[in-house]
Amino acid sequence: MEKIGRRFEGKVAIVTASTQGIGFSIAERLGLEGASVVISSRKQNNVNEAVEKLRARGIQVLGVVCCVSHAQQRKNLIEKTAQKYGKIDVIVSNAAANPSVDAILETQESVLDKLREINVKASVLLLKDAAPHLQKGSSIVFISSIGAYQPPASMAMYGVTKTALLGLTKALASEMGPDTRVNCVAPGFVPTNFASFITKNEAVKKAIEKRTLLNRLGTTEDMAAAAAFLASDDASYITGETLVVAGGIPSRL
Ligand code: NAP
């Protein structure tokens, strides 16, 4: 088994959109490091399956159905967590939608609304509900994207919502300090369902691998390691920052 520490012993961590992919790996990593994790996504079956997998690894886990754009389900996620554990130490806001490959000026208004709602607004509203339960020394991690820096043509408006998360990280770090740190991970390309339209095309996959300096796509575990670092006390003097985890694909200086 991988060598990992126990940085989250006694901590309570909520990870949204965490029944598969990057969110699942983050929940798994935090759980293996001792956190009680609260996982969620839209579908009860997915929640049940993910809970089983995490329990099988000895992780203390609560599963709650929560579509992040649904106000009552967000409230329920926070209430269930507070009822069971009485506090929140870590929130990883990981949910996103990418419903369109259209150019920005070709994107329907309803799609623009959905992108803003799920990728940005829901994170803010979830934190609003969670704020009364956040502990001194708590930590928020947003999941942005390498596409935040130079939104690619095939997912331009999605990229712009991810750019917004970089700003939200800065603004909330200022607003929520000193008790709560707020940071962000900007993943490169990771072969999950979400990215399958890119990574399942062998030629595109090869081209992306070549753009990295490490000659490979990322793994969900790579992203989990970065999110866990930022959420942990190892990063206790880091706030308002975004960690790019993209194998060296150019982002910013
Ligand atoms: P994924 O493997 O497809 O997993 C998506 C998860 O989100 C599932 O558990 C899904 O479960 C849940 N979900 C979807 N819509 C939801 C909603 N509205 N509310 C709550 N849960 C929802 O995706 P991923 O690649 O891990 O992506 C996770 C995050 O990483 C996203 O923010 C994405 O933008 C970011 N990211 C990914 C990549 C990449 O290459 N994969 C690159 C950069 C950034 P249900 O179907 O049950 O809801």
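Which residue is the bridge partner of A13 in strand 4? The legends below describe close-up views of a predicted model.

**View 1. Strand 1 pairs with strand 4 in the parallel sense.** The bridge partner of A13 in strand 4 is V90. Three bridges join strand 1 to strand 4, which spans residues 88–93.

**View 2. Strand 1 also pairs with strand 2 in the parallel sense.** Four bridges link strand 1 to strand 2, the latter formed by residues 36–41. Here A13 stands opposite V37 of strand 2.

**View 3. The side chains of strand 1 are buried on both of its sides.** Within strand 1 (residues 12–15), V12 and I14 point one way. A13 and V15 point the other way, and all four residues are buried.

**View 4. Y158 and F194 form the one aromatic pair of the structure.** The ring centres of Y158 and F194 lie 5.7 Å apart and the ring planes meet at 50 degrees, so the pair is classed as tilted. Y158 belongs to helix 5 (residues 156–176), whereas F194 is located in the loop between strand 6 (180–187) and helix 6 (196–199); the pair therefore ties together parts that are 36 residues apart in sequence. Y158 is buried, its relative accessible area being 8%, while F194, at 38% relative accessibility, counts as partly exposed.

**View 5. K53 is placed over the face of F24.** The distance of K53 from the ring centre of F24 is 5.4 Å.

Definitions and conventions
Residues numbered from 1 in each chain as written. Predicted model: local features only at pLDDT ≥ 70, side-chain atom pairs only at ≥ 80, totals over all residues. Heavy atoms only, no water. Buried < 20%, exposed > 50% of the residue type's maximum accessible area, 1.4 Å probe, protein only. Helix = DSSP H or I, 4+ residues; strand = E, 2+ residues; numbered from the N terminus. Pairing = 2+ DSSP bridges. Phe/Tyr/Trp six-rings, centres within 6.5 Å; stacked < 30°, edge-to-face > 60°. Lys NZ or Arg CZ within 6 Å of the ring centre and 35° of its normal.
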